[in-house]
Amino acid sequence: MPCDAGVRIGVRIGVRIGVRVGPRGIPRESASTSARGSDHGITPLRRFAAHLETGLGQRLVFFLVAALTGAIVGLATLLLIQLILFFQWVGYGDSSEIRYAQIVAARPAWQILLVPALGGLVLGILMQFLPGRRYHGIADVMEACALNSARMPVRSGVGAALAAALSLGIGAPLGREGPAVHIGASISAWLAERLGLPHKQSLALLGCGAAAAVAVSFSTPIAAVIFALEVIVGYFTLRVFAPIVIAAMAAMLVREQFIGHQAQFPVPSHSIVSNWELPLFALLGILGALVAKAMLATTGRIQQGWKWTELPRWCQPALAGVLIGTLALPMPHILGIGFEGTFLALNGALSNPVIAWLLLAKFVVVCLAFGSGFPGGVFGPAVFMGSMLGGLYWALLGFTGLPLSDQGVYATIGMAAMGSALLGAPISTVLIVFELTRDYGVTLGVMTAAAFASTVMQTGEHGSFFRWQLARRNINLSSGRDISLLMTHRVENLVRTGFLTVPVDITTGELTSRMGQERQRIAIFVDDEGVFRGSANLSLLITHSIEQGRDSQAIEGVLSADYAITPMTNIVTAVQNMAEQKQEFVPVVDKTDPKHPELLGIVTKSDLLAEHYDVIKRARAEEFGIT
């Protein structure tokens, strides 16, 4: 009997882990024995199974899944890093993250021009085989969480990781956090689907994948957890927080096993000279947001410019690669993630003219890369440009004669300003900066700059780089998660047939009489061929009768056929249509043939509001663990 129980428990955990592990996983004999209060014959395995029957037991099982996810994503992120180094070795004959600029500078000019151009050509061809013929990153993960029930195709994750590894390896001036998060989320979504997890656990597992990827990519476990909650999941609850912490912990154990746990930018400890500098840090935050806004605007203009040229998309990265290589000839630090240049700026080891040129050149090549379709993340460029912006800002303040902190202080705070503005996640950014540098002497400055940068960024049309990317695809998440959820629910299951069907030549008097006799408040007009022509409720018909007389044609005073929706219309749009016409119903038609729409029924406002309430109630139950 114990073996039988163990087999049943193992099968149930393997097939539906975290969903339901209940009494059916234990033989009836053991359950009855337990009910009688006898301990005879109850093995440790059965006691463990009994614990799994409780909510706590199910949570513990899900924690195991979260840890497994963190470890798998950690390994996948390490593989991504190695893949980037491999493509760098193929292109430049050597590979190193911290010596990238040094390696490139030692190569002949033709190679510096050829590698980004040829690599861009391969990328352009490769992306023709990706879903949507484009790179997928963090914005797609946000979309999956808000609109797609935390489901993502694994194919897009693998393809995006390969494209991003090639892109960063050949010198695209972008970051690796975007592709790392996307592949992590894709793995998590695949696991959730294979295990048959419900929506709330699928969403939590997606956050686990994102946190694990960020933790391994930058050695920032605390920031990784907050980033997953702040940007990916979109809300903070203990039910989501705990498994994400476990996933990040497991990922960091994997990282420590292979590459250690050292800080990404080990810098000397800094301190702020005077609290009177806080207004200066606030101004630096504002400048960071303005640079971020300028970057979005410039990238959009470059995308429009490519459309104007009508050149095929597959050749755009190659042409942009030539320009990027040209700018990199005198300034190789702008290529790749830019760890070398950032480290020098944080240590105050760059001259002021060099800082200015690096900031300008990096800005240009980043806009070129994003605008031309190079895969990669935005945080790497934000860190590089932020450190240069902070260093340049310090140099300009030096002309005022004010007592200032070290240049490294302003470079660190500039990182927080740009990062907060582009990520749209000030809490995560503050923690990331601290964990990247392990420099906590600039706490007040970092927090001040991040707060002002995010505030200024929110005053515009787009609150972050990711929301700007979504807006380019006509996806708006700024209305909130509730509205986003409602937009995923269609009216197809709410269609009813409680109405009166009448010919188009009926008079108003005849129609109102028939509606009274048959106790119907809504009339649908169809012609001799059965084609839908219009609709009206009793209130509209009475108003028309008063104005035009009972002998008038009823069709003249009704809502046209354009006032109709399809079964695929979401709840939000349906309610908006009713509000615009001040009606309590809307017809539902099949518009497969636009000239002959087929009537399917109607949807009432009361049904839509009831569904609205149920959707929000279920979402709140999932978020806060209410059953």
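**Exercises on a predicted model**

Ser 219 lies in the loop that links helix H10 (199–218) and helix H11 (221–233); helices (H or I, at least four residues) and strands (E, at least two) are DSSP runs numbered from the N terminus. The model is predicted, so local features need pLDDT of at least 70, side-chain atom pairs count only at pLDDT 80 or more, and totals for chains, interfaces and linings use all residues. Residues are numbered from 1 along each chain as its sequence is written, and side-chain values use heavy atoms, with hydrogens and water left out.

**Exercise 1.** Determine whether Ser 219 is buried or exposed, and state its phi.

*Solution.* Step 1: buried means under 20% relative accessible area, exposed over 50%, and partly exposed in between (1.4 Å probe, protein chains only). Step 2: Ser 219 has 0% relative accessibility and therefore counts as buried. Step 3: its phi is near 60 degrees, a positive value in a residue other than glycine. Most residues other than glycine have a negative phi.

**Exercise 2.** Locate Phe 129 and classify its accessibility.

*Solution.* Step 1: Phe 129 occupies the loop between helix H6 (109–126) and helix H7 (138–147). Step 2: with 57% relative accessibility, Phe 129 counts as exposed.
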